[in-house]
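Reader: Could you walk me through the wording used for this structure, term by term? I would like to see each label set against its cut-off.

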Amino acid sequence: MTVLDAIGNTTMVQLRRVVPRNCADIFVKLEWENPTGSMKDRMAHAVISKAESDGRLKRGGTVVEYTGGSTGASLALVCAARGYRICIVTSDAFSREKRDQMAALGAELTLVPSEGGLTTKKLILDMIETAREKSREPNTYWTDQLNNHDSITGYHTLGEEIWTQTKGAVSAFVHSVGTAASSRGVATVLKRRNANVKMIAVEPAESAVLGGGQPGAHKIEGIGIGYTPPLWEPSLVDEVIAVATEDAKEMTRRLAKEEALFGGTSSGANVVAAIRVGQKFGPGSTVVTLMCDSGLKYVNTDVFKRG
C-alpha cells in the first residue's frame, strides 16, 4: 500500500438543514477525504500513470502544469510519491493555503500576477503560456489539464462510486465546471448505467459562458475559466446553472455552521445549484453533488475570514 492507494472511495452524506421542504434528497460526496483534501487527486493519479505507461514521462523527468492550486497539490502529491520534479505555474488570485500546500509537497512555484486577485480569462491564458514556455525544457512532461483526455478517466471511478452508493437511484448529478473533466467522466459512467440520469453543470454567474453569457471576473476558485473548456462535451449535459459568487460563499459558510461540512467555495456553488435542481425534481428523487475540496484550503480568504 502507498498513499496513492488512499485515493477514492469517499464517503457520501445526506444534507439535512440547508435543504428546503418539498425538495429531493440531496447527497454530497466528501472529496476532501482524498490525500490532499481534493477531488483532483483522482485525475492527477490517472494522468501521471498514463504518461508513465506510454513513455511521455520518463524516470528523472519533470512535470509542468498551470493551476489554481488543487490540481497542483494533487500532481505534487503523485510526483512526490513517484519521485518526479514538478514545476507549477499559479497566481496570487488563488488562496495562499493552496500555494503553501503545493510548495510543501515539493512543487517549484512560478506566480503570474492577477487583476485584483480575481480569476479572469486573461489570467488563465497567461498562466497557460507561462507553462507552455516551461514545457519546452528537456525531459519535461506538460500535463496541460484543460486539454488532457487522460484526466477524464480519473473520474470514472467517482461515477461508479455514486452509482453504487445510491444503489442506482441517482436522478441527477450536479457539479461545477473548471476543466470539465470531472463532470464529463462522472456523466459518462452514470448515463451508461441509466440514460435518464441528468447531468447539471454549474458555472459562476459573473462568467456564465457555458450558458451563452460573456466572460467576467469572479471569486469561485477552480471553476469558470472564462471560455468553453476543450474537454466540455455538451451532449452529456442536460442543463447549465449559473451561481453568483456571493451565493456560493454564503452557502459555503452555511454548510460549515449548519451541516458541519467544511468545504471550499465551489462546493457551496454545487450545493446552491443542487438545491435548485432538487426543488424541480421534488421529494422521492435523489440529487448528488460534490464537496470538491476542504475548507482548510480557504481559511484565510474572505469566505471564512471577516474583517
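Predicted model: local features only at pLDDT ≥ 70, side-chain atom pairs only at ≥ 80, totals over all residues.

Reader: Thanks! What makes helix 2 and helix 3 roughly parallel?

Author: Helix 2 (residues 70–82) and helix 3 (residues 96–104) pack at about 15 degrees, with axes 8 Å apart. That angle makes helix 2 roughly parallel to helix 3. Angles under 35 degrees count as roughly parallel, over 145 as roughly antiparallel, 65 to 115 as roughly perpendicular and the rest as oblique. The axes are lines fitted to C-alpha atoms, for helices over the stretch in contact, and angles run from 0 to 180 degrees between N-to-C directions. Helices (H or I, at least four residues) and strands (E, at least two) are DSSP runs, numbered from the N terminus.

Reader: Which hand does the crossing of helix 2 and helix 3 have, and which residues make the contact?

Author: The crossing is left-handed; that word applies if the near helix is turned anticlockwise from the far one by less than a right angle, and right-handed if clockwise. Helix 2 brings Ser 70, Gly 72, Ala 73 and Ala 76, and helix 3 brings Lys 98, Gln 101 and Met 102. Contact here means heavy atoms within 4.5 Å.

Reader: How is that contact made up by class?

Author: It has three nonpolar, three polar and one charged residues. Ala, Val, Leu, Ile, Met, Phe, Trp, Tyr, Cys and Pro count as nonpolar, Asp, Glu, Lys and Arg as charged, and the others, Gly among them, as polar.

Reader: On to the sheet of four strands: why are strand 5 and strand 6 said to stand at the edges?

Author: The order in this open sheet is 5-4-3-6, with parallel pairing. Strand 5 (108–112) and strand 6 (140–142) each have a single partner strand, so one side of each is left without a neighbour in the sheet. From one strand to the next, the twist averages 20 degrees.

Reader: How do you know that strand 3 and strand 4 pair?

Author: Two strands pair if DSSP finds at least two bridges between them. Strand 3 (residues 62–66) and strand 4 (residues 85–91) have five bridges, in the parallel sense, so they pass that cut-off. Thr 62 stands opposite Arg 85 in strand 4. Helix 2 lies across strand 3 and strand 4, at about 170 degrees to strand 4.

Reader: Why is Arg 85 called partly exposed?

Author: Its relative accessible area is 38%. Buried means under 20%, exposed over 50%, and partly exposed in between (1.4 Å probe, protein chains only), so Arg 85 is partly exposed. Among the residues that Arg 85 touches, not counting those up to four places away in sequence, are Glu 108 and Glu 137.

Reader: Is Asn 139 buried or partly exposed?

Author: Asn 139 is partly exposed, with a value of 42%. Its place is in the loop between helix 4 and strand 6, and its phi is near 55 degrees, again positive in a residue other than glycine.

Reader: What about the sheet of six strands: which strands are at its edges?

Author: This open sheet has the order 1-2-10-7-8-9 and mixed pairing. Strand 1 (12–14) and strand 9 (239–243) are the edge strands, each pairing on one side only. Strand 1 pairs with strand 2 (residues 25–30) in the antiparallel sense over three bridges, and Gln 14 stands opposite Phe 27 in strand 2.

Reader: Lastly, why is Val 272 called buried?

Author: Val 272 has a relative accessible area of 12%, so it is buried. Val 272 belongs to helix 9 (residues 265–281) and touches Val 243, Asp 247 and Met 251, leaving out residues up to four places away in sequence.

Conventions
Residues numbered from 1 in each chain as written. Heavy atoms only, no water.
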